[in-house]
Amino acid sequence: MENEYSEETSDEELTISLLEELQEIHNHPIPINQANSKDLLVLPFISQRQADSIVSYIKRYGPMYSVKELMLVPYLDYSTRNKLSLFIYCDEAPDKSVTGKNKWKQQISGYHQIPLYERKGYQTNTYQGIPLSATLRYRGQWNDKIEWGATLQNDEGEPFFQYRNYPFDYQSYYLMGKNKGKGLVRQWILGDYQLHFGMGLIAGHGFWQNPVGLLSFSRNQLQTISKHTSTDECHFFRGGAVTLQYKHTSMTVFGSHRLLDATVKNGKATTLLTSGLHRTLSEIHRKENVRSIAGGTHIQWTGNHWQWGASALFTQYSKPLEPGSALYRRYYMKGRNFFNCGIHYQYRNSRFTAHGECATDHTGGWGIINQITCQLTQQLQTFFLYRYYDKRYKAPYAFAFAEGGHVQNEHGAYIGYNWTIHRQWNLKGYFDYSSHPHAIYRADFASQRMKIFQLVTFQPQKDLSFDFRYQFSQKEENNKSKTALVDIYKNSGRLQAHYLLGSTKHTTGCYFIYLLPVSGPGKWGKMIAHRISATKGSISGYLSGAWFNTSDYSTAMHCYENGPSYSFSFPTCYCHGWRASAMIRKKWNRLWDITIKYGITRFTNQKTISSSHQLINHPYKQDISLQWMMNL
């Protein structure tokens with residue numbers, strides 16, 4: 001659900017949630033010989049043309065016995081084949097008998113993070129839990145028709161077996177069924193689930209809602225319901241949904257009942273919270289104190305080239321929403337009842353795809369988005385996207401392409417391209433412009449923003465590649481007295497090399513940021529990072545290190561490092577210091593998978609880390625991560 005009037009949800013949080021979904025598919029890969037186009041299109045980097053080509057190849061030549069056979073499938077380039085190999089496996093052919101044992105698949109895993117330091121919140125007994133985070137996952141599957149699962153989590157500082165935690169703070173369950181045959185019921189789900197209709201103006205959840213993602217995941221996501229498997233505690237439905245299909249027409253009906261975190265004053269919800277943290281008594285007091293009921297339907301007709309659909313969604317809150325008096329919140333959701341409806345379309349052929357959506361709400365506010373993708377040549381692909389979101393448009397579950405974060409008060413245009421000049425060279429880039437006619441966060445007047453992005457990849461040989469990434473952004477924000485807007489400019493870049501030395505894989509990167517703030521001199525951020533990985537038999541090892549030097553937190557750097565499954569680590573590096581980590585993974589007899597990781601961050605120009613309840617009274621922090629996984 002979109003966080004309508006809280007600035008707590010970040011792009012990084014949503015990105016990690018989507019990466020967890022890809023990790024889920026990787027841990028439970030797709031049986032390629034039994035898959036249809038719809039099964040393959042859950043992967044955002046696979047186009048409709050590529051999915052159809054894979055299915056046609058298997059029908060014509062029989063089942064695949066090795067992922068290397070993907071080289072023979074038309075329209076699959078080297079990069080796509082490499083990505084696809086992480087999410088599929090070569091199973092038995094569909095016409096072969098399957099033993100009763102192989103019909104059942106189950107997996108249990110646990111992840112625990114142990115900090116080797118103490119924050120101020122524990123010393124003052126402000127945090128009600130212990131300095132340990134724990135996540136338990138259970139997944140089950142029967143014969144590719146029935147899937148079930150549970151996710152249990154406690155963040156660091158959240159209490160076990162207390163304050164309505166039985167025993168965990170966050171609990172998520174689902175039971176889902178699929179029917180690939182000719183029955184009327186094609187899919188159903190009970191528990192926690194995701195929806196994506198149209199292009200996300202009413203209900204959305206996808207990989208392409210940011211400018212960089214659109215270059216790699218250019219295909220609009222399937223119109224579908226899917227299981228919610230991540231530890232994201234906010235952006236999902238809880239209840240049930242079913243999809244019925246007759247010939248070329250399908251209909252989905254869904255309902256949801258959830259309790260949401262909110263700040264309540266005088267019987268009104270002033271802020272819907274999305275952090276999912278319940279460590280202190282005040283955070284616990286705001287937990288699950290607003291009830292949300294939602295329901296709706298989606299109808300779609302699919303032809304050879306055309307696809308048409310219509311959606312409707314009604315949402316009701318148990319307490320009226322009151323966004324407050326801040327100027328930028330003037331048009332945020334207000335009241336208890338909200339209704340959205342709209343239509344969407346898609347047209348595609350071998351070289352051209354156009355899709356879009358038009359939606360309105362109960363107040364008459366409008367949202368419109370259209371995208372055109374052209375395959376000009378086999379090597380060159382272009383994108384154009386236009387969006388218009390009325391300042392009055394209010395959609396609690398919208399998740400569409402938007403630079404400003406909210407699907408509201410934004411007009412914008414995006415132009416991008418993906419060009420493989422030669423087998424060794426690839427260029428990707430975009431230009432995105434957006435205007436905001438009414439006040440937004442940190443801009444009390446009509447404002448505009450602009451971004452330019454360029455990624456150059458050079459791969460002279462199979463085991464050696466380089467990439468250079470540059471981004472320029474300009475946005476307008478209030479000056480110190482809030483009497484006018486001033487421009488803020490930001491330049492960031494990254495140069496990386498990926499190579500093999502013997503049996504070890506290496507990645508070396510240099511990063512920089514230059515920020516010109518509202519006032520004062522420009523600020524710099526610099527970082528050098530290196531990663532090493534190696535595998536021998538059933539043991540894999542990983543090392544990473546980074547040195548950073550930034551002016552302050554506004555020019556913080558983020559360096560990726562390897563982590564256990566479902567754990568995506570992007571440590572924040574600011575001021576002066578270094579970061580290092582080491583991880584080892586061991587597999588036993590296809591049953592057990594154990595991962596242990598140690599990480600340390602050391603700051604060299606300050607004596608403490610963070611502030612308030614998160615304060616650490618020394619300039620370094622260390623932690624240990626442990627994950628175990630059992631496949632049954």
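At 81% relative accessibility, N266 counts as exposed, where exposed denotes over 50% relative accessible area, buried under 20% and partly exposed the range in between (1.4 Å probe, protein chains only). The structure is a predicted model, in which local features need pLDDT of at least 70 and side-chain atom pairs count only at pLDDT 80 or more, whereas totals for chains, interfaces and linings use all residues. Residues are numbered from 1 along each chain as its sequence is written, and side-chain values use heavy atoms, with hydrogens and water left out.

N266 lies in the loop between β11 (262-265) and β12 (268-272), strands being DSSP runs of E with at least two residues and helices runs of H or I with at least four, numbered from the N terminus. The phi of N266 is near 55 degrees, a positive value in a residue other than glycine. A positive phi, near 50 degrees, is also found for S612, which is placed in the loop between β30 (592-603) and β31 (620-631). Most residues other than glycine have a negative phi, and most peptide bonds are trans. A cis peptide bond, with omega about -15 degrees, joins Y166 and P167, and P167 belongs to the loop between β5 (146-154) and β6 (170-178).

Helix α3 (residues 48-61) comprises 14 residues and reaches 20 Å from its first C-alpha to its last, close to the 20 Å expected at 1.5 Å a residue, the expected span being 1.5 Å times one less than the number of residues. Its buried residues are Q50, A51, S53, I54, V55, Y57 and I58. An α-helix has 3.6 residues a turn, so residues three or four places apart point the same way. The cover over the buried residues of α3 includes α2 (37-40) and α4 (78-84), with contact taken as heavy atoms within 4.5 Å. Just after α3, G62 adopts a positive phi of about 95 degrees.

With a disulfide defined as a pair of cysteine sulfur atoms within 2.5 Å, the count comes to zero. C358 is in no disulfide, the nearest cysteine sulfur, that of C341, being 9.1 Å away, and C358 is partly exposed, with a relative accessible area of 24%. The sulfur of C575 is 11 Å from the closest cysteine sulfur, in C573, and is therefore too far for a bond; C575 counts as buried at 13% relative accessibility.
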